[in-house]
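Open the model in your viewer and keep the selection tool at hand. The tour goes from one selection to the next and says what is there.

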Amino acid sequence: MSNEPGKIFVGGISWDTKKEGLKAYFEKFGAVKDAIVMTDPITEKPRGFGFVTFEDPSMVDSVCEQEHILDSKKIDPKAATARPAPMATNSRVKKVFIGGIAQGTQSEDLKQYFSQYGNVTEVDMKHDKGTNRMRGTVTGMRS
């Protein structure tokens with residue numbers, strides 16, 4: 001989600017609320033640029049929340065300060081905030097999960113092996129109680 005000015009998150013909407021109804025409700029407070037009701041990508045059923053973007057970003061604060069009822073349900077609008085960007089796939093720092101490590105393998109063994117692919121900065125090994133085997137991660141910089 002972008003950090004778009006004038007955008008609000010609307011939680012607690014009814015499963016019966018449609019995009020048109022959400023937009024029409026919030027148009028009482030100002031011109032709406034866009035409205036969306038989020039749906040499950042597989043079932044296409046509503047997920048109980050959506051987003052509304054106002055033409056005038058100053059509307060966000062006044063709308064969020066009020067109580068709202070839409071389709072007989074109290075809804076909870078809040079100023080939308082952007083999700084943190086995922087780590088870039090072309091990043092030079094990589095972390096690799098290693099499962100089923102043989103008994104007796106030491107962290108130094110993993111470090112030595114994975115050094116052929118780049119500079120290893122950290123090796124973290126743990127005992128998996130479920131499988132009774134070692135697992136871990138190797139973190140490093142790509143060459």
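Select Leu 110. With a relative accessible area of 10%, Leu 110 is buried, a word used here for anything under 20%, while exposed is over 50% and partly exposed is in between (1.4 Å probe, protein chains only). Leu 110 belongs to helix α3, residues 107–114. Helices (H or I, at least four residues) and strands (E, at least two) are DSSP runs, numbered from the N terminus.

Before going on, note that this is a predicted model, in which local features need pLDDT of at least 70 and side-chain atom pairs count only at pLDDT 80 or more, while totals for chains, interfaces and linings use all residues. Residues are numbered from 1 along each chain as its sequence is written, and side-chain values use heavy atoms, with hydrogens and water left out.

Keep Leu 110 selected and show what surrounds it. Contact means heavy atoms within 4.5 Å. Apart from neighbours within four places in sequence, Leu 110 is in contact with Ile 101, Thr 105, Val 123, Met 125 and Val 138.

A nonpolar core is a set of buried Ala, Val, Leu, Ile, Met, Phe, Trp, Tyr and Cys residues joined through side-chain atoms within 4.5 Å. Which residues have the most contacts inside the largest nonpolar core? Select Ile 8, Val 10, Leu 22, Phe 26, Val 52, Phe 54 and Ile 75; the core they belong to has 16 residues. At least two residues of this core come from each of β1 (7–11), α1, β2 (32–39), β3 and α2 (59–64). Leu 110 takes you to another one: a second, separate core has 7 residues, including Ile 101, Leu 110, Val 120 and Val 138.

Go back to Ile 8 and show its contacts. Not counting residues up to four places away in sequence, Ile 8 touches a list of residues that includes Phe 26, Val 52, Phe 54, Val 60, Cys 64 and Pro 77.

**Aromatic rings**

Rings of Phe, Tyr and Trp (its six-membered ring) pair if their centres lie within 6.5 Å; planes under 30 degrees apart count as stacked, over 60 as edge-to-face and the rest as tilted. By this rule there are 10 aromatic pairs. Select Phe 26 and Phe 54: their pair is edge-to-face, with 6.3 Å from centre to centre and 80° between the planes. The pair links distant parts of the chain, since Phe 26 is in helix α1 and Phe 54 in strand β3, 28 residues apart. Phe 26 counts as buried because its relative accessibility is 0%. Phe 54 is buried as well, with a relative accessible area of 1%.

Next, select Tyr 113 and Phe 114, an edge-to-face pair with 5.1 Å between centres and 90° between planes. Tyr 113 is at 46% relative accessibility and so counts as partly exposed, whereas Phe 114, at 18%, counts as buried.

Then colour Tyr 25, Phe 26, Phe 29 and Phe 54, which form one aromatic cluster.

Lys 7 lies over its face, at 5.3 Å from the ring centre; a charge sits over a ring if NZ of Lys or CZ of Arg is within 6 Å of the ring centre and within 35 degrees of the ring normal.

Select Thr 53 in strand β3, residues 46–54. Is Thr 53 buried or exposed? Thr 53 is buried, because its relative accessible area is 3%. Leaving aside neighbours within four places in sequence, its contacts include Glu 4, Lys 7, Val 32 and Asp 34.

Move to Glu 44, in the loop between β2 and β3. Its phi is near 60°, a positive value in a residue other than glycine. Glu 44 is exposed, at 61% relative accessible area. Ser 72 lies in the loop between β4 (68–70) and β5 (73–79), with phi near 65°, also positive in a residue other than glycine. Ser 72 is exposed, with a relative accessible area of 78%.

**The whole chain**

Clear the selection and colour by pLDDT, the predictor's confidence in each residue, from 0 to 100. The protein has a mean pLDDT of 87. Confidence is highest in helix α1 (residues 19–26), at a mean of 97, and lowest in strand β8 (residues 133–142), at 78. Finally, colour by element: there are 3 helices and 8 strands.
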